[in-house]
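Subject: The structure I promised you

Hi,

Here is the structure we talked about, with some notes to read alongside it. Have it open while you go through them.

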Amino acid sequence: MDLIPFLFRITIFILSFLYMIPLNEAAPTHSSPYDAITEFHIVFVIPITFHSINILGTLFIFYRTYLRWKLDHRGIILSLRFPFYLAITDFLYSSASLINYSYSASNKSKFLNNEVISLPSPLCEIMGFSVVLFVSFNMLLVGAISITTWLRVVQEYYFELGKYDYKIWFPIVILSLIFPLSTLNAYGSTKYNCATKPEASAVMTIFFILIVLILATIVFCYVHILITIHRVKEENSSVSSSNNSWMYLNNIEKKTLKKVLTYILIFILQYVPVLIYNMCRILKIQNFIIGVIVSSVICLGGIGNVIQYMCNEGFRYQSSGNVYSDYKSETKSEADEAVDEQKSNDDSIITNNV
């Protein structure tokens, strides 16, 4: 399980893209190596395309979740609620960003004449605030999912999440509001859209710290989950005489490793470019290509969420007569499955919860 070296290589690979930014064009100036029309298409077409794809993906998850709830006449288990919750944050972020970029793109003539193309005040400040808020929702939710899974799988600590899982949502909403509310004067019009102002170094610093902390949290939690699954497999391989039981546990370990790598890699692809962008902003380095990449790669989380959902649930909805238990029963049954082959039909439980 060479997880850490793998993640390190991926991070170095992404950081290497810094060399693609010309140093003479990364100065605090508004010049561009491209003509105005080319710059316009790069700045607006790429983000609008990514955000549109992301919204379509979230609508797919909304529709499938609705079908499962409506047609199967049963509650949605936590392993399927988490993708739904992530889809909500992705939908909010991409919807706000799509409105933001679409309005600016509709003022092409003003852009070519170097006029202001963003939303008028105070809508522009509200839009910049909303984008930061929804990104915070997404990051904190990813961290909360990893901690919840770690508590249930590694610590075997089961607790009720309350109606509509408010025990997860409440702290996320509060923390997400504290961040942008503490920097209300940092949002406004920029050259291309409504966002944080170039001089708002406090926002960049807070984002940098938040991303590093959440990345460290998800790596810690998921690595411990993998270690726990591997230990259970080793313990039962030495006790159980059944080859089927050992093969089943080995299969669970492989599936979980694949999912863990996917989740961590998606977060790295989403937010390591944001780290680079924040570092450039703090160092007063400006290049519009970095901004385009940052706005677009955050959508990779939503797109990856949809791909994972389709891999787990299939592209087409199929009603099932199987009885689903709640998350507590599901996670606890994983330990029983380690020594009981009769529950091997539930091998998707632990991998779905990771």
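Let's begin with a question: is Tyr-166 buried, partly exposed or exposed? Keep in mind that this is a predicted model. Tyr-166 has a relative accessible area of 46%, so it counts as partly exposed. You'll find Tyr-166 in helix H6. Together with Phe-170, Ile-174, Leu-175 and Ile-178, Tyr-166 makes a nonpolar surface patch of about 520 Å².

Now the overall picture. The protein chain has 12 helices and two strands. Reading from the N terminus, the order is α-α-α-α-α-α-β-β-α-α-α-α-α-α. There are 354 residues in the chain, and 48% of them are buried. The chain exposes about 17,800 Å², with carbon and sulfur atoms supplying 65% of that area. If you take the contacts with a separation of 6 or more, 82% are between residues 24 or more positions apart.

Next, the charged pairs. Side chains of opposite charge can pair when their charged atoms come close. How many salt bridges does a search of the whole structure find? It finds two.

One of them joins the side chains of Lys-191 and Glu-39, at 3.3 Å from N to O. Lys-191 is in the loop between strand E1 (187-189) and strand E2 (194-196), while Glu-39 is in helix H2 (residues 36-71), so this pair ties together parts that are 152 residues apart in sequence. Lys-191 has 32% relative accessibility, so it counts as partly exposed. Glu-39 has 5%, and buried means under 20%, so Glu-39 counts as buried.

The other joins the side chains of Arg-81 and Asp-165, at 2.7 Å from N to O. This pair also links distant parts of the chain: Arg-81 sits in helix H3 (residues 78-105) and Asp-165 in the loop between helix H5 (123-153) and helix H6 (166-181), 84 residues apart. Arg-81 is partly exposed, at 22% relative accessibility, whereas Asp-165 is buried, at 4%.

On to helix packing. H2 packs with helix H10 (residues 299-313) at an angle of about 35°, and their axes are 9 Å apart. The crossing of H2 past H10 is left-handed. Residues of H2 that make the contact include Phe-50, Asn-54, Thr-58 and Ile-61, and on the H10 side they include Gly-302, Asn-305, Val-306 and Tyr-309.

Some of those names come up again around Asp-90. Where is Asp-90 placed? It is in helix H3. Asp-90 has a relative accessible area of 3%, so it is buried. Setting aside its neighbours within four places in sequence, Asp-90 is in contact with Asn-54, Thr-58, Asn-138, Gly-301, Gly-302 and Asn-305. Asn-54 and Thr-58 belong to the H2 side of the helix contact, and Gly-302 and Asn-305 to the H10 side.

At 1% relative accessibility, Asn-278 counts as buried. Which residues is Asn-278 in contact with, leaving aside its neighbours within four places in sequence? They are Met-204, Phe-207, Phe-208 and Ile-211. Asn-278 and Met-204 are 74 residues apart in sequence, yet their C-alpha atoms are 5.0 Å apart in space.

Helix H9 (residues 288-297) is mostly covered, since seven of its 10 residues are buried. Among them are Phe-288, Ile-290, Val-292 and Val-294.

Asn-114 has a relative accessible area of 69%, so it is exposed. Pro-122 lies in the loop between helix H4 (108-112) and H5 as well. The peptide bond from Ser-121 to Pro-122 is cis, with omega near 5°.

That's my tour. Send me your questions whenever you like.

Cheers

How values were computed:
Residues numbered from 1 in each chain as written. Predicted model: local features only at pLDDT ≥ 70, side-chain atom pairs only at ≥ 80, totals over all residues. Heavy atoms only, no water. Salt bridge = Lys/Arg side-chain N within 4 Å of Asp/Glu carboxyl O. Helix = DSSP H or I, 4+ residues; strand = E, 2+ residues; numbered from the N terminus. Buried < 20%, exposed > 50% of the residue type's maximum accessible area, 1.4 Å probe, protein only. Patch = residues over 30% accessible without salt bridge, like charges linked within 9 Å, V, L, I, M, F, W, Y side chains within 5 Å. Areas by Shrake-Rupley, 256 points an atom, 1.4 Å probe, with all protein chains shown as cover. Axes fitted to C-alpha atoms, helices over the stretch in contact; angles between N-to-C directions. Left-handed = near helix turned anticlockwise from the far one by under 90°. Contact = heavy atoms within 4.5 Å.
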